[in-house]
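User: Please take a close look at the side-chain contacts in the structure shown below, beginning with the charged pairs.

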Amino acid sequence: MRVHFAPSIEQIGADLVRPYALPQIQEQPELEKKKVTVVVYPDEDGGYTAIMPYFSCSETTGGDCLIAQGWTAEEALMEARQLLQEYLDLNGREGHYHLEYARLEGIEVREMEVEVA
């Protein structure tokens, strides 16, 4: 069995490469990493919910909620990541500005009991 590899641009010659034949090679900007606060909790009906407190139904999102769900905590987190990426893509620089504040320092999640009549 022979394996054939496509020739590189250097082997063909850059002037012979047609624009529709190969996608243009563009330098990717260096990606910056940001931390986002996400709270994941089990639902009463099964599955998990992931909320991003800074982005959940606030003025930042124009009243839209960034809340994701999944059958497992990992699925809920994956959905949350995708939802946040879509929000950032849709809102461009404004979304990136909001991302600067998406980590809530000192957040605590606790359970408490209350008495009801």
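How many salt bridges does the count come to?

Analyst: The count comes to two salt bridges, the term standing for a side-chain nitrogen of Lys or Arg within 4 Å of a carboxyl oxygen of Asp or Glu. The model is predicted, so local features need pLDDT of at least 70 and side-chain atom pairs count only at pLDDT 80 or more, while totals for chains, interfaces and linings use all residues. Residues are numbered from 1 along each chain as its sequence is written, and side-chain values use heavy atoms, with hydrogens and water left out.

One of the salt bridges joins the side chains of Glu 100 and Lys 34, at 2.8 Å from N to O. Glu 100 belongs to the segment after α2 and Lys 34 to the loop between α1 (9-12) and β1 (39-42), so this pair ties together parts 66 residues apart in sequence. Helices (H or I, at least four residues) and strands (E, at least two) are DSSP runs, numbered from the N terminus. Glu 100 is partly exposed at 46% relative accessibility, and Lys 34 is partly exposed at 32%; here buried means under 20% relative accessible area, exposed over 50%, and partly exposed in between (1.4 Å probe, protein chains only).

Arg 110 and Glu 108 also meet through their side chains in a salt bridge, at 2.4 Å from N to O. Arg 110 counts as exposed, with 69% relative accessibility, and Glu 108 is exposed as well, with a relative accessible area of 53%.

The structure holds three aromatic pairs, a pair requiring rings of Phe, Tyr or Trp (its six-membered ring) with centres within 6.5 Å; planes under 30 degrees apart are stacked, over 60 edge-to-face, and the rest tilted. For Tyr 54 and Phe 55, the ring centres are 5.2 Å apart and the planes stand at 85 degrees, so this pair is edge-to-face. Phe 55 also forms an edge-to-face pair with Tyr 87, at 5.3 Å centre to centre and 65 degrees between the planes. Because Phe 55 lies in the loop between β2 (48-51) and β3 (67-70) and Tyr 87 in helix α2, the latter pair ties together parts 32 residues apart in sequence. Phe 55 and Tyr 87 are both buried, whereas Tyr 54 is partly exposed, with a relative accessible area of 22%. Tyr 54, Phe 55 and Tyr 87 make up one aromatic cluster.
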